[in-house]
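Subject: A structure to look through

Dear colleague,

Please find below the structure that I promised to pass on to you, together with its sequence.

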Amino acid sequence: MIRTEKSAMATRREALVGGGLLLAFSFASRGLGQLVGGGEGGAAPKALRPDLPGSLKNRPELDAWIRIAPDGAATVFSGKAELGQGIRTALLQVAAEELDLSPATITLITADTARTPDEGLTAGSHSMQDGGTALANAGANVRFLLIQAAARQWKLPPESLTTSGDGHVMAPDGRRLGYGPLAAALSLHIEAVPDAPRRDPAHYRTLGRDLPRVDIPAKLTGGAAYVQDLRFPGMLHARLVRGPSYGTRLKAPNLEAARAMPGVVAVIQKGDFAAVVALKEWQAIKAMRVAQASDYVRTLPPLPVTDGPHRLQSLPSREIVVLDTRDDERPATRTIRASYSRPWYSHGSIGPSCAVALASDGELTLWSHSQGVFDMHRAVAELVGLPAKKVRCIHIPSAGCYGQNGADDVTAEAALIAMELPGRPIRLQWMREQEFGWEPCGCGMVTKVEASIGPDKRIAHWTYEVWSNSHNNRPVMAGGYAVAQQVVPPLLMQEPKPIPMPEGDGDRNANPLYVFPNMDVRYHFVPEMPLRVSALRSLGAHLNIFSLESMLDELALTGGVDPLAFRLAHMQDERARAVMIEATRRFDWAHRPRGDGRRGCGMAFARYKNIGAYCALAMEIEVERETGAIMVHRVQAAVDAGQPASPDGIRNQVEGGIIQSLSWAIKEAVSYDDSKRTSFDWGSYPILRFLDMPGSIDVHVMDRPGQPFLGAGETAQGPTSAALANAIADATGARLRDMPLTPEKVKAAIGLAG
């Protein structure tokens with residue numbers, strides 16, 4: 001359990017002073033045009049110095065990122081959050097390399113609205129591209145300043161000096177000066193310069209090495225790892241009283257009966273929002289169950305039982321032209337038309353969403369696993385009626401994330417409860433059925449593709465359409481929370497909007513990196529949400545890459561061309577070609593088992609958002625024809641994420657992405673009737689189990705010394721599901737286009753259903 005040593009009555013101000021790390025830091029830039037929001041993966045603050053790399057352009061002052069104490073101790077500040085992706089370790093390695101210090105000597109503070117730079121969301125595989133790049137260049141700036149200070153003291157040219165790796169500047173004659181005394185004579189409250197000399201990759205001490213992840217020990221030993229573990233003296237436990245899923249309300253909750261139960265301290269009611277608060281967690285759960293014993297009504301239109309995600313095609317939409325190229329007319333010998341889809345997905349977080357809130361002395365402190373704590377402290381301030389500067393949000397990891405699960409909602413709800421009970425920390429945790437019933441789902445989507453190949457066995461034209469809701473409805477204002485429409489008076493619901501390219505949301509990766517002639521790519525953005533949706537790992541890239549890479553295999557088969565050769569014939573990006581060649585070489589693609597009715601192989605490729613990491617993979621599968629069950633024997637991936645800061649971290653991310661994508665493709669789908677969601681547990685919402693794991697997964701990380709960091713956290717989702725569909729087609733001759741690719745669908749496709 002995480003326990004605090006100080007009284008729960010401590011104020012935010014006391015907590016800050018106790019830390020003693022940020023008091024000299026400047027937040028002057030915050031008033032110079034701060035922007036809220038920032039699409040999934042986009043930066044929230046305004047760019048103040050566009051010439052600086054990464055998030056430095058938003059917070060250019062060095063003392064917002066790095067502090068060197070008089071004793072030489074280094075503290076590094078990042079606005080990115082540890083979500084289980086291992087980013088603390090990677091960021092430590094980046095900062096350590098450019099400061100030329102041992103990672104063990106650096107204290108890293110992450111995602112705290114009172115202490116760290118506002119880097120917007122931790123999302124969209126931007127942590128290394130933006131946050132890591134900022135820390136690398138801030139570290140290079142600070143090291144350069146320390147070297148210049150030593151050069152002045154010794155009256156030597158700066159280029160003649162080096163750093164030792166242990167916090168000293170060294171002269172050619174062996175003299176040493178520690179970082180602490182040098183920093184004491186400097187002010188880091190200056191803006192970074194864009195061309196501070198970076199360390200030579202040939203002499204890296206830390207970057208690119210596999211170091212033990214700093215977030216793992218507590219998770220393995222049952223230590224203080226998650227927000228669910230937080231415990232404060234005098235803390236109260238809360239549970240919500242609500243309908244079975246989003247879009248419902250209870251007809252007659254029995255709040256008075258709950259109020260009279262042992263241990264219940266308060267029953268909070270604001271319109272349709274109701275919560276019980278008790279001394280102990282089990283007391284709160286029992287009171288919730290008594291209060292919740294009521295019938296319910298649906299308050300929104302019926303759910304799309306008969307047509308599923310295809311409902312999106314019949315709803316009003318805004319057409320966005322993604323690509324429209326007109327090349328010379330090419331003769332076509334064969335045209336294929338196909339439609340692909342994916343259902344609504346749950347985030348399936350292992351730990352139900354949880355938050356702790358403390359209102360004290362007119363201020364509100366929140367401990368949350370939201371990926372957007374900076375937007376949150378502004379939006380919650382609006383919700384509870386406080387100035388934003390009076391709300392502090394501290395990120396604490398949770399057992400489950402990668403998108404907008406219930407983290408934002410549960411924190412807003414905890415804040416509302418805490419404001420009614422000032423001075424007492426409030427711990428609010430959703431029940432498992434509330435997590436499945438109320439969190440925003442990953443978007444259902446539909447695509448249509450029409451493509452032709454010519455006599456040269458090359459693509460002659462490519463027409464592509466995608467239907468989707470917005471994949472990012474994270475709250476940037478109070479109306480973005482589900483509770484905002486439950487309270488009285490209700491707040492105006494936040495308007496869903498598409499994310500512009502090159503990031504994109506429903507159209508993410510709808511623009512092929514391949515070179516095709518005569519492309520017409522259109523995004524049908526659907527504002528109306530049949531189910532409540534928001535961000536889920538990789539957003540629209542998952543289905544778009546599934547559709548694109550499936551169609552490429554269909555066209556290759558029609559033209560009698562090997563799938564790898566067909567892709568290489570349409571790819572000019574040399575790094576993309578390299579990862580495809582490397583993955584298939586390691587897989588031994590040329591000598592792979594060929595489809596025999598049961599066994600088969602497939603491959604797929606994508607560069608995430610066409611601006612992130614490159615990933616190619618191949619897999620061998622076996623279909624049990626009698627049952628339709630799919631067994632994945634082996635997966636071989638190659639990834640180019642630029643300069644790898646933590647190769648082990650990249651492998652972790654890609655391995656996890658492969659497993660998650662296989663789970664989406666084979667098993668997962670939110671179920672519902674016309675009034676409510678019905679997948680409330682792991683029985684009704686199955687995920688991949690240990691027995692379903694691939695026999696082997698090998699991820700090769702390409703070595704790209706000195707290249708810019710590329711985000712790798714979401715690069716495997718699309719290629720994995722596509723490679724699976726391609727392998728099934730190779731094994732059985734049956735092409736499945738609508739996920740999940742269940743055993744029932746497999747049997748039906750190969751003619752063995754019934």
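A residue is called buried when its relative accessible area is under 20%, exposed when that value is over 50%, and partly exposed in between, using a 1.4 Å probe and protein chains only. What you have is a predicted model, in which local features need a pLDDT of at least 70 and side-chain atom pairs count only at pLDDT 80 or more, whereas totals for chains, interfaces and linings use all residues. Residues are numbered from 1 along each chain as its sequence is written, and side-chain values use heavy atoms, with hydrogens and water left out.

Salt bridges

A search of the whole structure finds 46 salt bridges, each being a side-chain nitrogen of Lys or Arg within 4 Å of a carboxyl oxygen of Asp or Glu. One of them joins D118 to R378, with the closest N and O atoms 3.3 Å apart. D118 lies in the loop between β4 (106-110) and α3 (127-154) while R378 belongs to helix α8 (residues 373-384), so this pair ties together parts that are 260 residues apart in sequence. Helices (H or I, at least four residues) and strands (E, at least two) are DSSP runs, numbered from the N terminus. D118 is buried, at a relative accessible area of 3%, and R378 also counts as buried, at 15%.

R378 meets D375 in a salt bridge as well, at 2.9 Å from N to O, and these two residues both lie in helix α8, three residues apart, which is about one turn of the helix.

Another salt bridge brings together the side chains of R176 and D166, at 3.1 Å from N to O. Since R176 lies in strand β7 (residues 176-178) and D166 in the loop between β5 (162-163) and β6 (168-170), the pair ties together parts that are ten residues apart in sequence. R176 is partly exposed, at 39%, and D166 is partly exposed too, at 44%.

V632, found in strand β25 (residues 629-640), is buried, with a relative accessible area of 7%. Leaving aside neighbours within four places in sequence, V632 is in contact (heavy atoms within 4.5 Å) with several residues, among them M619, L662 and L724.
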